[in-house]
Amino acid sequence: MKHPSNPLKFYAKSTLFKRAIQFHTHSSSCSTEIVGPMFAGKISTIVNPRLRPHARCSQDEAIRNFMYLDETLRGLIYSGRLVQAIELLCRSEVAVESQTYRLLLQECIFKEDYKKGRRIHAQMVIVGFVPDEYLKVKLLILYAKSGSLETAHILFDQLLEKTVISWNAMIGGYVQNNLEVVGLNLYHSMRQCGFRPDQFTFSSVLRACATLPLLEQGKRAHCLLIKSQNAENVVVNSALIDMYFKCSCPYDGQLVFDTSPVRNVITWTSLISGYGQQGRVVEVLASFNKMISEKFKPNYVTFLAVLCACSHGGLVNEGWEYFLSMTRDFGIQPRGKHYAAVVDILARAGRLEEAYAFVRDSPCKELSVIWGSLLEACKMHGNMDVMKFAARKYFELEPDNAGKYVVLSNAYAAVGLWDNVSQIRNEMKEMGLKKEPSFSMIEDQKEAHYFYMGHNAHKNIERIYEVIKALTRILKDDGDVPDMSRVWQED
């Protein structure tokens, strides 16, 4: 594109300038003062010096101010001053160039500051700026990542021409917000529209298949992945490993790992976590030691998988050593879940007093997850005194979480405190809290079947109940007694 010989005349003809000229020529003052991007700690004027009250700027002055506003906003963004840039934009009450809006939104998305991104969108609406297709996609990504999926879908439907990027934003948004079925349905719609998935599509789809879990759909995605020549992507391979392990196919997960041409800490962590989910402690520790020997540095997720494996394997000394090595050898500060895993390690070994002392002296004792772990330990060993104290702390830290009431109710039920169970359920009713219904999912002949607790509308539900009753009678005749202490009975 050829640049205009006179940029002032060029801007004067633009639609974008119309509101800018109104603002700058009808203001009693034509200047705004901010912290200048190139002069930290100083005040600089971004437009012409202050005029007398009721003075009016000339058209040329207003054009220059408008051009300088865009430059100043970009300077603020490039120097990392997003807050000042947004404040200036909103005070100016004029529209800026589309490229400037893109930079502002991209910075909000990168910093995950979605509230500021919505403020930018509100400013566009107020000043009457109509975003182009590229900017609509940016807004779509912002709303999808922030969880505002209804707004994101409205923007998606308004796109004149959808691209792989816009499809990926919607699919990823639904999957990240625990609406995996909707995400997969969008993926199928994307394929029917003739779009070829890329590595970002596959990452979201494989994550959805791992969560549900849907092995057959995961396998079909794997086949398409090989055909599309994206099989060498590290992130996609890590998601693929995770999918196979969560679908109870550890052999296939290990095979994907062995054939991966490139590995990083995420790939190793997917393998180690996968074996941990299967309860295969030996393989977890062997994979972790091999990872270290190949000079890969583990992250906090890797250590969490190792500590959980030590807990299931009853490896108290080994688990404690791994916990200490996080800070000592790798400079990783343990988080609440790591402390909770150590509590579980001690509790499973019957060392409840040590677990309580560990929680009491922990720097993470204000996090509910660590008290929840201690509560589970007390339930396991029937220690009433410690359990009551742990229950009170666990409850105080996050009282509006319905899941906590369920955990607490189950803990009281396990030791026969039915009055406490009744009290907790009454409190939930009074506060209007309700537990989301639990469900099980089985994939059979490429079809997913869902079974919800308390209300099922499956077409074969009567036959299924008959088989369950028959199996229950066989188990009882064999001396098996079901443990009902963890069952939450729906009212």
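**Note on a predicted helical model**

1. Leu-76 counts as buried, at 0% relative accessibility (buried is under 20% relative accessible area, exposed over 50% and partly exposed in between, with a 1.4 Å probe and protein chains only). The model is predicted: local features need pLDDT of at least 70, side-chain atom pairs count only at pLDDT 80 or more, and totals for chains, interfaces and linings use all residues. Residues are numbered from 1 along each chain as its sequence is written, and side-chain values use heavy atoms, with hydrogens and water left out.

2. Leu-76 belongs to helix H3, residues 59–78 (helices are DSSP runs of H or I with at least four residues, and strands are runs of E with at least two, numbered from the N terminus).

3. Leu-135 is in helix H7. With a relative accessible area of 0%, Leu-135 is buried.

4. The largest pocket has a volume of about 1500 Å³. A pocket is an open set of points on a 1 Å grid over the protein atoms alone, where a 1.4 Å probe fits and protein lies on both sides within 12 Å along at least five of seven lines; a cavity is a set from which the probe cannot get out, and lining residues have an atom within 4 Å of a point. The volume is the space filled by probe spheres set on the points, which are joined across faces, edges and corners.

5. Which residues lie nearest the centre of the largest pocket? They are Gln-176, Ser-203, Arg-207, Val-235 and Asp-242, out of a lining of 46 residues. By class, the lining holds 20 nonpolar, 19 polar and seven charged residues (Ala, Val, Leu, Ile, Met, Phe, Trp, Tyr, Cys and Pro are nonpolar, Asp, Glu, Lys and Arg are charged, and the others, Gly among them, are polar).

6. The helices that each supply at least two residues of this lining are H7 (133–146), H9 (164–176), H11 (199–211), H13 (234–246), H15 (265–277), H17 (300–313) and H19 (336–348). H11 gives the largest share, eight residues.

7. Val-235 is part of helix H13. At 47% relative accessibility, Val-235 counts as partly exposed. The C-alpha atoms of Val-235 and Thr-267 are separated by 7.6 Å, with the residues 32 apart along the chain.

8. The aromatic pairs number 16, where rings of Phe, Tyr and Trp (its six-membered ring) pair if their centres lie within 6.5 Å, and planes under 30 degrees apart are stacked, over 60 edge-to-face and the rest tilted. In the pair of Trp-371 and Phe-389 the ring centres are 5.6 Å apart and the planes stand at 75°, so the pair is edge-to-face. Trp-371 lies in helix H21 (residues 368–381) and Phe-389 in helix H22 (residues 384–397), so the pair ties together parts that are 18 residues apart in sequence.

9. How many disulfides does the structure hold? The count is zero, a disulfide being a pair of cysteine sulfur atoms within 2.5 Å. For Cys-249, the nearest cysteine sulfur is that of Cys-247, 6.4 Å away. Cys-249 is buried at 14% relative accessibility, and Cys-364 is buried with a relative accessible area of 11%.

10. Most residues other than glycine have a negative phi, and most peptide bonds are trans. The bond from Leu-212 to Pro-213 is cis, with omega near -20°; Pro-213 is in the loop between H11 and helix H12 (215–227). Glu-93, not a glycine, has a positive phi of about 60°, and is in the loop between helix H4 (82–92) and helix H5 (98–110). Ser-248 also has a positive phi of about 60°. Ser-248 sits in the loop between H13 and helix H14 (250–258), and is exposed, with a relative accessible area of 53%.
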